[in-house]
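I opened this notebook page to record what I looked up, in the order in which I looked it up.

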Amino acid sequence: MNKEFNCPVEATISLIGGKYKSVILFHLMGKTLRYSELHKKIPKVTDKMLAQQLRELEKDGLIKRTVYPVVPPKTEYNLTEFGESLSPILNAMCNWGESYLNIASQCVEES
């Protein structure tokens, strides 16, 4: 890795900061999923964007792609050990997001 970063947060964001990267990683925590299963869990993502984000995550060593030589082709994705090391960060993001959504919904109810 030859990238220069000004701080560790910048390095982290460079790996997980894509539009759907964190969401993909979250859904793969402790699981192996096929492309179609990932797409169902992230319905707003286009095929092109999902494929791009998966390629980048694989290139960065966060996920592993396994292609089975069957017809039709079967492709599965799971986290690498390096990708699994992001689990505490992703869980913290999930917890923070749940708190934020609860606060936001309370603000809407009070309006």
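I took a disulfide to be a pair of cysteine sulfur atoms within 2.5 Å, and with that cut-off I found 0 disulfides in the structure. What I have here is a predicted model, in which local features need pLDDT of at least 70 and side-chain atom pairs count only at pLDDT 80 or more, while totals for chains, interfaces and linings use all residues. I number residues from 1 along each chain as its sequence is written, and my side-chain values use heavy atoms, with hydrogens and water left out.

**Salt bridges.** Side chains of opposite charge can pair when their charged atoms come close. I counted a salt bridge where a side-chain nitrogen of Lys or Arg lies within 4 Å of a carboxyl oxygen of Asp or Glu, and my search of the whole structure gave 3 of them.

One of these joins the side chains of Glu56 and Lys21, at 2.9 Å from N to O. This pair links distant parts of the chain, 35 residues apart, with Glu56 in helix α4 (residues 47-59) and Lys21 in helix α2 (residues 21-28); I take helices as DSSP runs (H or I, at least four residues), numbered from the N terminus. Lys21 is buried, with a relative accessible area of 4%, whereas Glu56 is partly exposed at 25%.

I also noted the salt bridge of Lys59 with Asp60, whose closest N and O atoms are 3.4 Å apart; Lys59 counts as exposed, at 63% relative accessibility.

The side chains of Lys74 and Glu76 meet in a salt bridge as well, at 3.6 Å from N to O. Here Lys74 is partly exposed at 28% relative accessible area, while Glu76 counts as buried at 17%.

**Surface patch.** Which residues form a nonpolar patch on the surface? I found Trp96, Tyr100 and Leu101, which together have about 400 Å² of accessible area, computed by the Shrake-Rupley method with a 1.4 Å probe, only the protein chains shown counting as cover for residues. Patches are made of residues with over 30% relative accessible area and no salt bridge, nonpolar side chains (Val, Leu, Ile, Met, Phe, Trp, Tyr) being joined within 5 Å and like charges within 9 Å. Tyr100 is found in helix α6 (residues 87-110) and is partly exposed, with a relative accessible area of 47%.

Key. Helix = DSSP H or I, 4+ residues; strand = E, 2+ residues; numbered from the N terminus. Buried < 20%, exposed > 50% of the residue type's maximum accessible area, 1.4 Å probe, protein only.
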